[in-house]
Amino acid sequence: MPIGVHTSIAGGLYKSVERAEALGCDAMQIFSRNPRAWEFKPVTQAEAALFKARREEAGLWPVAVHTTYLINLCAPDEAIFDKSLFLFKKELSTAEQIGADYIVTHLGSPQDMGTEFALLRILSAFKDVEAAGLGKKTQVLLENTSGAGYGFGSDLADIGRIISGARKFGLDTGLCFDTCHGFAAGYGMAEPGDIETLVSTIDKEIGLKRLRLIHLNDSKGAFNSGLDRHEHIGKGRIGLEAFRALLNHPKIKPVPLILETPKKTEADDPWNLNTVKDIRGGR
Ligand SMILES: [Zn+2]
Ligand SMILES: [Zn+2]
């Protein structure tokens, strides 16, 4: 299984490749822009070409782009929905321009409008994405969330309905499963038998071949707490043995992993990467 980390683009897009390479990553994830701002500045052809060339040399696969946190594809407010869809399409076209394999997005919040509203709203957004000819070179991956407040996308059954709904009009999307968010949303991992149950739940609700990426994070928050607090691998409430069982599950082994664990010091990424390398294929 390829493994990588979320790396910074400070100093230029291509710098993220150099950072991933220095850490010995096979894969990587980036924000292609400031993840907390609406303003969109296009990537130049020169920047995109440099990124692609460096990425080729480094042999990284897959490369994922994570969208801006502000994007809300099921916002009841028309202006926020329009702004979100506009930025989502811009980010997706940038991802295609730089040759990214995946774009990972959260699904946003329908406020108090409920699940059916959210499903229809997101599917209408994706229909527009497909009509614009986007999402073919770079595949859209839907990330499960921790289930806090009115946030949508913590239930894998809902994500499964969006994936199958989008397929009907020709947009092939997939799942990015975040372990911290899943655990916080009530998908057990820490008890014996939990991993087997989780893998069959993903298969039933999504289909394992549509599980394209795993965000590998331990959880500071307790099981089913709704808290989205990432922790170093093995140092949180999920625990090392759960990760060992997950990563050595035959159905999970081929799935690429991206760490989004805390980065307080320079030693944090190497520590988490080594921890994962030690447990996969271990005893
Ligand atoms: Zn995310
Ligand atoms: Zn994540």
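In which strand does R212 lie? The points below answer this and then take up other parts of the model.

1. Basis of the note. The model is predicted: local features need pLDDT of at least 70 and side-chain atom pairs count only at pLDDT 80 or more, while totals for chains, interfaces and linings use all residues. Residues are numbered from 1 along each chain as its sequence is written, and chains are lettered from A and ligands numbered from 1 in the order in which they are written.

2. R212 lies in strand β7; helices (H or I, at least four residues) and strands (E, at least two) are DSSP runs, numbered from the N terminus. The residue R212 is buried, since 20 other C-beta atoms lie within 10 Å. By the definition used here, a residue is buried if 20 or more other C-beta atoms lie within 10 Å of its own, exposed if 12 or fewer, and partly exposed in between, with C-beta atoms placed from the backbone. Leaving out residues up to four places away in sequence, R212 touches Y102, Q139, L141, G174, L175 and C176; contact requires that the C-beta atoms of two residues, placed from the backbone, lie within 7 Å.

3. Y102, a contact of R212. Y102 is found in strand β4 (residues 102-105) and is buried, with 24 other C-beta atoms within 10 Å. Besides R212, Y102 touches P62, A64, T138, Q139, L141 and L213, residues up to four places away in sequence not being counted. Y102 and A64 are 38 residues apart in sequence, yet their C-alpha atoms are 4.6 Å apart in space.

4. The cis peptide bond at P62. P62, another contact of Y102, lies in the loop between α2 and β3 (63-66). The peptide bond from W61 to P62 is cis, with omega near -10°.

5. Positive phi values. Most residues other than glycine have a negative phi, and most peptide bonds are trans. Q111, in the loop between β4 and α4, has a positive phi near 55° and is not a glycine; Q111 is partly exposed, with 16 other C-beta atoms within 10 Å. N224, also not a glycine, has a positive phi of about 65°. The place of N224 is in the loop between β8 (218-219) and β9, and N224 counts as partly exposed, with 14 C-beta neighbours inside 10 Å.

6. Helix α1. In α1 (residues 13-22), the residues L13, Y14, S16, V17 and A20 are buried. They cover an arc of only 145° around the axis, which puts them on the same side of α1; the arc is that of the directions from the helix axis to the C-beta atoms. Their cover includes β1, β2 (27-30) and α2 (45-58).

7. Helix α9. The 12 residues of α9 (residues 268-279) reach 17 Å from the first C-alpha to the last, close to the 16 Å expected at 1.5 Å a residue; the expected span is 1.5 Å times one less than the number of residues. D269, N272, L273, T275 and V276 are buried in α9. Seen down the axis of α9, its buried residues fall within an arc of 160°, so they line one face of the helix. Among the elements covering them are β1 (3-6), β7 (211-216), α8 (240-247) and β10 (257-259).

8. H232 and its contacts. H232 lies in the loop between β9 (230-231) and α8 and is partly exposed, with 17 other C-beta atoms within 10 Å. Neighbours within four places in sequence aside, H232 is in contact with D218, T261, P262, W271 and N272.

9. The pair α4 and α5. The axes of α4 (residues 114-131) and α5 (residues 156-168) come within 10 Å and cross at roughly 35°; axes are lines fitted to C-alpha atoms, for helices over the stretch in contact, and angles run from 0 to 180 degrees between N-to-C directions. T115, L119, I122, L123 and F126 in α4 meet D158, R161, I162, G165 and A166 in α5. By class, this contact has 6 nonpolar, 2 polar and 2 charged residues, where Ala, Val, Leu, Ile, Met, Phe, Trp, Tyr, Cys and Pro count as nonpolar, Asp, Glu, Lys and Arg as charged, and the others, Gly among them, as polar.
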